Amino acid sequence: MMRLAEWEHAEAQFELAQLYEQGDIVPQDVKQAAHWFQESAFNDHAEAAMRIGLMYLNGEGVEKNIQQAMTWWDIAADGGVAMAYFLQGTAYSNGWLPEIDQQKAVAYYRKAAEAGISIAQFYYAQALRDGNGIEKNTKKAATWYRKAALRGDAEAQYCLACMYMEGCGVIKNYPKAIYWFKKAARQGHVLSQCILGLSYLNGVGVKQNEQLAHLWLTEAAEKDYPEAQFRLGLLYRNSKHYRQQPGKALYWLRRAAFQEYPDAQYLLAQCCREGFALTQPDLRGAAYWYEKATNHRHIGAMFYLGIACEYGFGIEINMEKAIMLYTYAANEGHPGAQYNLALCYHYGRGVEADMKEALKYYRMAADGGDAAAMFNLAVCCKDGIGMEKNAEESIRLYTAAAELGYVKAQVNLASSYERGDGVPADKEKALYWYQQAANQGDAFAQQALDQLA
């Protein structure tokens, strides 16, 4: 091999370079590898030209020099090595050269794509989809994704599936989306495995099947994909079929939580608070995980951490922090936080009493569907607390809260119909609402029913 190489035999030089590069038969020697790749390239070996270009790119066996790399890739491309076009495109796109030039990158990607390089087809499709360095054209993007997908590129299969799922560049088609998600998932594409699991879980594009959902979510979860771990934990927590193994719910939720996945941290906190799969509730653990989720601005976690701070559940009482958490969550639209903050302003808990602020947050919570807030706001309307009396609005709010099953509102509404207070007296309606409250175990309502009967 050496004698042939010294006689300027290009293929022998290329093979010899590979032997030195890999340390096969001869000791590994990147300088000798670079030398023989370059000699082979000088003798018009196009693949060697691409390889010496890579060595100049990485500074392996030669001094790093991107311009030299580009020169050799030009020679390789002229010799028919289409991958060299892809490398040139990547040089312009990834900042290997002093200036990024997406238009030149796309032009090279297109050349490599047209020559059948699947990864280039994928990159060219990405550029067309996003309009990066070329005019946006989702229809053409789908065509190039398909070409790469048919060559087995898992990322392209995933992107094509997403386009079918969203109807982007193609007609929306869930079965085709599932087909390509499966192709990618079987190659170990973790996001496709997770989406496939969720599709089976929710019956999107496929018939609902918890067992297949479990299978694909487990595949992704074992690769440490946090959303899959969270969804798997949720499945073990809520599914009738898998609920018999509650310890696995905690196992997967913990794995996702330790990867800073806020929904998992929040749900893990809920499990600790409820004592799910534990011998007893763990309020300290709940507060810890609520805090972790709060660091990611999880609104539900802020609300529950606010409660923990207000009442000392698992942590020391800290009304200042509770007010701060309630305020943030309330302003982000959490009805429970709005209601609790209204109570704080109403009764001066941790803040100076301020009925104007209390009423503001009662209204926000009531508009968000919080029955307790509707009830308290109804009382304020009826008695003129912080506002003018408004019997009509009071009845409307009592009714809304009563229809949501709020017992106090049902009792007060029944009493209003019984006495004709704010509404025309109506014994039938009074009996109806007392009965609704009595069905929930309210003793006063039961007594009132006996008296009205």
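Modeller: Arg-51 counts as buried, at 16% relative accessibility. Buried means under 20% relative accessible area, exposed over 50%, and partly exposed in between, with a 1.4 Å probe and protein chains only. The model is predicted, so local features need pLDDT of at least 70 and side-chain atom pairs pLDDT 80 or more, while totals for chains, interfaces and linings use all residues. Residues are numbered from 1 along each chain as its sequence is written, and side-chain values use heavy atoms, without hydrogens or water.

Arg-51 has a partner. Glu-21 forms a salt bridge with Arg-51, and their closest N and O atoms are 2.5 Å apart. The term needs a side-chain nitrogen of Lys or Arg within 4 Å of a carboxyl oxygen of Asp or Glu. Side chains of opposite charge can pair when their charged atoms come close. Glu-21 sits in helix α2 (residues 10-22) and Arg-51 in helix α4 (residues 46-58), so this pair links distant parts of the chain, 30 residues apart. Helices here are DSSP runs of H or I with at least four residues, strands are runs of E with at least two, and both are numbered from the N terminus. Glu-21 is partly exposed, at 23% relative accessible area.

Leaving out residues up to four places away in sequence, Ile-52 touches Ala-34, Phe-37, Gln-38, Ala-41 and Trp-72. Contact means heavy atoms within 4.5 Å.

Now the second pair. Arg-237 forms a salt bridge with Glu-274, with the closest N and O atoms 3.1 Å apart. Arg-237 lies in helix α14 (residues 226-238) and Glu-274 in helix α16, so the pair ties together parts 37 residues apart in sequence. Arg-237 is buried, at 15% relative accessible area. Glu-274 is partly exposed, at 41%.

Helix α16 also has a packing partner. α16 (residues 262-274) and α18 (residues 299-311) pack at about 35°, with axes 10 Å apart. Axes are lines fitted to C-alpha atoms, for helices over the stretch in contact, and angles run from 0 to 180 degrees between N-to-C directions. On the α16 side, Tyr-266, Gln-270 and Arg-273 meet Gly-300, Ala-301 and Tyr-304 of α18. By class, this contact has 3 nonpolar, 2 polar and 1 charged residues. Nonpolar covers Ala, Val, Leu, Ile, Met, Phe, Trp, Tyr, Cys and Pro; charged covers Asp, Glu, Lys and Arg; the others, Gly among them, are polar.

The third pair is local. Lys-360 and Glu-357 meet in a salt bridge at 3.8 Å, N to O. They are 3 residues apart in helix α21 (residues 355-367), so about one helical turn separates them. Lys-360 is partly exposed, at 37% relative accessible area.

Some bridges share partners. One network of this kind joins Lys-382, Asp-383, Arg-419 and Asp-421. A search of the whole structure finds 15 salt bridges.
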